Each structure stands twice: as structure tokens, then as C-alpha cells.
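The reader may wish to keep the model in view while reading.

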Amino acid sequence: MATKIISADSRTRSSISIFIVVGLCCFFYILGAWQRSGFGKGDSIAVEMTKSGADCSIISNLNFETHHGGEPVTTDDSESKPKVFKPCRSKYIDYTPCQHQKRAMTFPRENMVYRERHCPAENEKLHCLIPAPEGYVTPFPWPKSRDYVPYANAPYKSLTVEKAVQNWIQYEGNVFRFPGGGTQFPQGADAYINQLASVIPIDNGTVRTALDTGCGVASWGAYLLKKNVIAMSFAPRDNHEAQVQFALERGVPAVIGVLGTIKLPYPSRAFDMAHCSRCLIPWGANDGIYMMEVDRVLRPGGYWVLSGPPINWRNNYKAWLRPKEELQEEQRKIEDIARLLCWEKKYEQGEIAIWQKRVNAGACSGRQDDARTTFCKAEETDDTWYKNMEPCISPYPDVNSPDEVSGGELQPFPKRLYAVPPRVASGSIPGVSVETYLEDNKLWKKHLNAYKKINKIIDSGRYRNIMDMNAGLGGFAAALESPKLWVMNVVPTIAEKSTLGAVYERGLIGIYHDWCEAFSTYPRTYDLIHAHGVFSLYKDKCDAEDILLEMDRILRPEGAVIFRDEVDVLIKVKKIVGGMRWDTKLVDHEDGPLVSEKILVAVKQYWVVSAENSTSSQ
């Protein structure tokens with residue numbers, strides 16, 4: 001009897017053991033399948049490198065160096081064929097979708113409406129690849145690029161004739177040379193900037209961010225960089241052919257833009273200095289609305305420089321071919337509006353005048369009695385996307401003492417790069433605390449170290465113009481900060497948190513933008529694009545294909561892209577760009593293959609237009 005009991009018990013244990021072994025086999029089979037498909041998977045290269053103990057971040061067969069040419073890509077026939085995008089016709093070489101000349105001319109010229117953004121309807125969008133001009137080459141490295149631009153990259157000579165006596169630009173052989181002159185500084189930007197520096201603290205880091213309205217070829221911004229001041233320059237796409245394109249080819253931050261009827265796409269209190277050098281903006285017109293918009297984006301204590309008409313009209317009205325009464329009235333209006341805005345005039349000599357915005361509203365109590373004083377709603381000062389400018393004054397944030405800087409005092413640059421931005425310290429950005437800001441900085445230093453293992457030349461000077469499509473608090477740009485490069489920090493208009501003000505408080509520059517539309521720049525103007533969470537953010541908002549085609553438009557041949565997103569999103573992106581003449585590789589997150597967020601790196605192939613409706617790789 002005892003033998004039977006023992007035998008039955010043995011059979012039971014044997015059955016349990018078999019059940020456990022089968023269960024474990026099923027578990028590990030499912031785990032392995034999960035790692036190789038869907039969430040948490042890495043690509044085959046990353047998996048093999050992990051197994052072999054190699055550095056999983058090094059990609060041996062993706063070339064980031066520039067060669068001014070490229071070889072046809074071989075594709076794996078085992079994968080499903082992606083949609084192949086054809087080249088656009090050669091007439092679209094410099095196509096700017098939202099500033100297209102033909103479309104612009106259908107809008108009113110009053111208040112420069114026709115020079116504002118007017119994007120194509122869905123049925124008017126191009127679904128092709130914008131070609132580079134024949135002979136296109138990678139721009140010269142900085143700082144040589146400040147002074148020289150290859151003629152083939154922007155083959156337009158009209159400015160060399162129109163601005164010949166003003167030292168803007170000269171054509172020499174196969175390059176354009178930029179002597180550093182301008183309409184108001186024909187003797188050079190250095191001398192002009194030194195004159196401003198006698199009044200404005202440009203040399204000690206107090207002034208870091210600047211706005212140049214009507215920038216021409218951005219020589220003012222180009223030469224400010226020597227003083228560690230970074231300018232956001234803008235000018236319309238108008239009869240001054242390719243002026244913003246030249247600026248970006250030189251490696252200077254610039255966008256296509258105009259002061260018309262819509263607010264500038266920047267947050268309030270963003271710039272330490274604003275500048276107009278004969279920018280042709282009618283500052284005294286429309287009840288002072290243009291000066292009020294400058295006041296909105298000017299930081300308390302910031303400076304406004306007006307150089308050219310109507311300043312010094314008594315001596316120059318004949319040379320300007322304008323009636324002195326007209327110029328006198330124009331300056332009277334400007335002075336009157338400046339007083340209404342509570343700006344203090346600090347300097348006027350020759351054709352230069354400088355005003356300083358008060359540090360808080362304490363010294364502006366008198367304007368309360370002025371019948372023209374209307375204040376904007378404080379909560380709307382950062383709401384700018386396609387919002388009309390209004391003739392109202394942006395209110396100062398409250399202060400607790402007469403000497404306190406409204407909105408918070410900033411440290412000199414570069415200390416302010418990692419100091420806690422006042423908007424964060426004050427809790428003005430919902431969901432962003434000092435602790436989350438500090439953690440974000442640590443995270444982006446870690447991410448950048450991972451990127452440097454993937455692309456060892458990321459901060460070598462190979463990439464000058466860099467864009468972060470979803471910048472957040474500017475952590476990527478801060479970690480990358482170097483005189484060799486600059487970053488355009490884009491905060492999407494649909495982002496959960498409005499962080500662009502904090503980005504500027506770090507001494508960085510950026511812009512609001514909706515990636516369902518084209519960016520305000522020329523083709524081939526960025527060397528490296530960083531897209532963190534962009535396609536998850538815009539999922540179900542607009543077509544990923546449109547966003548990728550826009551990225552291709554603004555990316556230089558042999559430029560690079562770093563995508564960071566969920567793996568299922570990146571697989572879709574990888575398939576689309578497979579038909580766009582990009583080489584790509586999917587890489588694991590730096591924390592390993594079990595993390596669902598991955599990195600997709602890409603390099604745009606070199607190819608140029610060779611004849612109508614045909615292209616060539618060289």
C-alpha cells in the first residue's frame with residue numbers, strides 16, 4: 001500500500017515538473033519574440049553588438065562625413081518596398097511653401113500682409129523632393145563661412161549690384177564674399193558694434209540674445225557672434241533676392257519673416273536687445289503697433305537700437321530724398337511712442353539712437369493717465385501663432401521692490417545657460433519645477449553622450465546650423481553649446497508646455513512653429529536636425545509624410561537627422577524615408593534594448609538637379 005502511495009506521489013511531482021518546464025519555455029519564447037518585435041525591440045545590428053560585447057552605439061556603415069557626392073543605395077528586397085518620392089522640377093530649387101511669390105501676390109499689400117505666411121492648401125502641396133542646384137557643395141566651415149559662400153549654393157547676383165556701394169556682398173570667382181558692411185555701416189560691422197557697445201553692455205554677457213528686424217544678409221548678427229551674442233535675424237522674401245538664404249549659408253541664424261499684422265513667433269521678454277538698421281519698418285505708423293510688438297519681446301532692461309531714417313533727419317533729408325517735415329514728424333511719433341512705452345532714451349549720435357526699456361513698471365506710473373494707454377491681457381502675451389498684433393502695451397510682471405527686474409533677473413552668459421530660468425523658478429510653466437528642470441538637463445547630457453557615440457563628429461564643426469524640432473526646455477541645445485554651432489530651438493504650437501520663454505532665459509534662441517506647415521526658411525539651410533518625440537506628438541494631427549518631406553526640404557545634402565521616439569513610430573518613419581534618398585539605421589536606447597524608445601539616425605544622400613525633371617548623384 002505504501003509503495004502505491006509513493007508511486008502516485010512521484011507521478012504527481014513529475015507532472016508538475018513537466019508543467020513548469022513547458023511554462024518556462026513558453027515564457028522565454030514570448031519574451032524573445034517581444035524583444036524582436038513591437039515594444040522594446042532593437043534592430044538586428046544593435047542586438048548583435050550587444051551579444052558580442054561591442055560598443056552598441058557605433059554604426060560602422062553609416063557615413064556622416066561630407067563628400068559632396070553619393071552612391072546609389074542598395075535596398076534589401078526582403079523588406080516591403082517603400083513609396084519612392086520623385087524629385088521636384090528644377091524650378092522649385094528654392095521653393096519656400098509658405099512664402100511662395102505667386103501666392104503672395106494674391107494678398108493685400110497693405111501692412112505687408114502679402115509678405116506674411118500663406119501656406120498652400122492640401123491639394124497644392126508638393127509631394128516630391130526639392131533638388132539642390134547643380135554644383136552644390138557643402139558650405140565652408142565656420143568662421144570662414146561668415147565671409148564666403150559658394151556661388152553654386154545660392155546663384156543670385158542681384159544684391160552684388162544693388163548693394164555694391166554698401167559693402168553687403170561681392171562676387172569673386174566661384175564664391176560670394178561678405179566684407180561685413182551694411183547700409184548703415186559701410187565701414188564694417190565691427191566698428192558699428194563697438195559704437196553700440198559704448199552704450200550697451202555687449203561685452204560682458206549681460207546682453208546675450210538679440211533680434212534683428214529686416215536683417216539683410218545678417219552681417220550684424222554674424223559679427224555679434226564674436227562677442228558671444230546670438231541674434232535672431234529675420235527679413236521678408238522680397239526683391240532683395242535670397243538675403244535670408246545668404247545669411248543661413250553663412251552659418252548665421254535667420255528666418256523669413258516680416259512685421260506686418262501678425263505677432264512675431266517669439267515669447268514675451270525674450271531678447272536683451274532689438275535692432276533696426278534702415279529696416280524700412282514704419283515705426284510711427286498704426287498707433288505705434290510695431291514698437292509695441294518690439295516692446296512685447298524685449299526683456300525689461302533691454303535695449304532698442306534704431307539706425308537710419310529718420311534719425312539725424314536735419315542733416316540727411318536731402319540725401320534721403322525726403323521732405324524734412326515728413327522725417328521730422330516720423331521721428332516725433334517714434335519719440336512719443338517710446339515715452340508711452342516707458343522707454344528711456346540713452347543715446348543719439350549721428351544716425352544711431354538707443355532706448356532702454358525700464359526694468360519694471362514702477363517708473364511708468366505717469367502713463368496710466370494717458371488716454372492712449374491700453375494694456376494687453378497678460379495671459380495672451382505668449383500666444384502668438386497667427387494672432388493679430390493689437391495696439392496695446394504688454395504689462396510688466398509684478399515685482400516686490402522698486403529695483404527688482406520684472407520677470408526675474410538673468411545671470412550673464414554663459415552662467416545663465418544652466419542657471420534656473422526665472423519662469424521655472426517662479427512656477428510660471430505648469431508642470432515644470434526646479435527639480436524637473438535639473439533632471440531634464442542631466443537627461444540631455446546623457447542623451448548627447450549617446451549621440452556622440454553614434455555620430456562622432458556631431459560637435460566637431462561639421463554641423464553648423466542645427467535644429468531641434470521639439471526643444472522642450474532647451475536641454476539638447478544647452479548640452480551641445482559651442483562656438484562652432486548654433487541651435488534653432490523650435491517649440492511646437494501644440495506642445496503640452498509652453499517652454500520657449502525659458503529657452504530664451506537660458507541664453508538660447510528659438511521660435512514657435514506648427515509642423516503641420518512648412519518652416520519659414522529656404523531649402524538646404526540646416527546641417528543637422530533633431531526630432532525628439534515629434535512624430536508621436538503629431539500623430540493624428542497631420543501626415544507624417546508631409547513632415548518628413550519638409551525635413552528633407554530644409555536639410556542639406558549629406559546632412560544628418562537624429563530621431564528619438566517610440567519604436568513603432570520610428571519603424572513607420574524608417575519606411576517612409578526609405579523612399580527619400582536617405583540612409584538610415586535604427587539603434588537601441590542608451591539604457592538597452594528593453595526600453596521602447598529608440599533612436600533612428602539618418603543621412604541625406606548627395607544629389608543635385610542636372611536637367612529638367614531629372615537629377616544626378618555625383
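The model is predicted, so local features need pLDDT of at least 70 and side-chain atom pairs count only at pLDDT 80 or more, whereas totals for chains, interfaces and linings use all residues. Residues are numbered from 1 along each chain as its sequence is written, and side-chain values use heavy atoms, with hydrogens and water left out.

Helix α17 spans residues 544-554, and ten of its eleven residues are buried. Buried means under 20% relative accessible area (1.4 Å probe, protein chains only); helices are DSSP runs of H or I with at least four residues, and strands are runs of E with at least two, numbered from the N terminus. Among the buried residues are Glu545, Asp546 and Arg553. Asp543 caps the N-terminal end of α17, with a side-chain oxygen 2.9 Å from the backbone nitrogen of Glu545.

The whole structure contains 20 aromatic pairs, in which ring centres of Phe, Tyr or Trp (its six-membered ring) lie within 6.5 Å. Phe271 and Tyr504 form an edge-to-face pair (planes over 60 degrees apart), at 5.0 Å centre to centre and 70° between the planes. This pair joins strand β7 to helix α15 across 233 residues. Phe271 counts as buried because its relative accessibility is 0%. Ring pairs also link Tyr151, Tyr171, Phe176, Phe178 and Phe246 into a cluster.

Two arginines lie over ring faces (CZ within 6 Å of the ring centre and within 35 degrees of the ring normal), as tabulated here.

| Charge | Ring | Distance to ring centre |
|---|---|---|
| Arg208 | Phe413 | 3.7 Å |
| Arg506 | Tyr418 | 5.3 Å |

Key: Buried means under 20% relative accessible area, exposed over 50%, partly exposed in between (1.4 Å probe, protein chains only). A polar contact is a pair of N or O atoms within 3.5 Å; within protein, one must be able to donate a hydrogen and the other to accept it, and residues adjacent in sequence count only if both atoms are side-chain atoms. Rings of Phe, Tyr and Trp (its six-membered ring) pair if their centres lie within 6.5 Å; planes under 30 degrees apart count as stacked, over 60 as edge-to-face and the rest as tilted.
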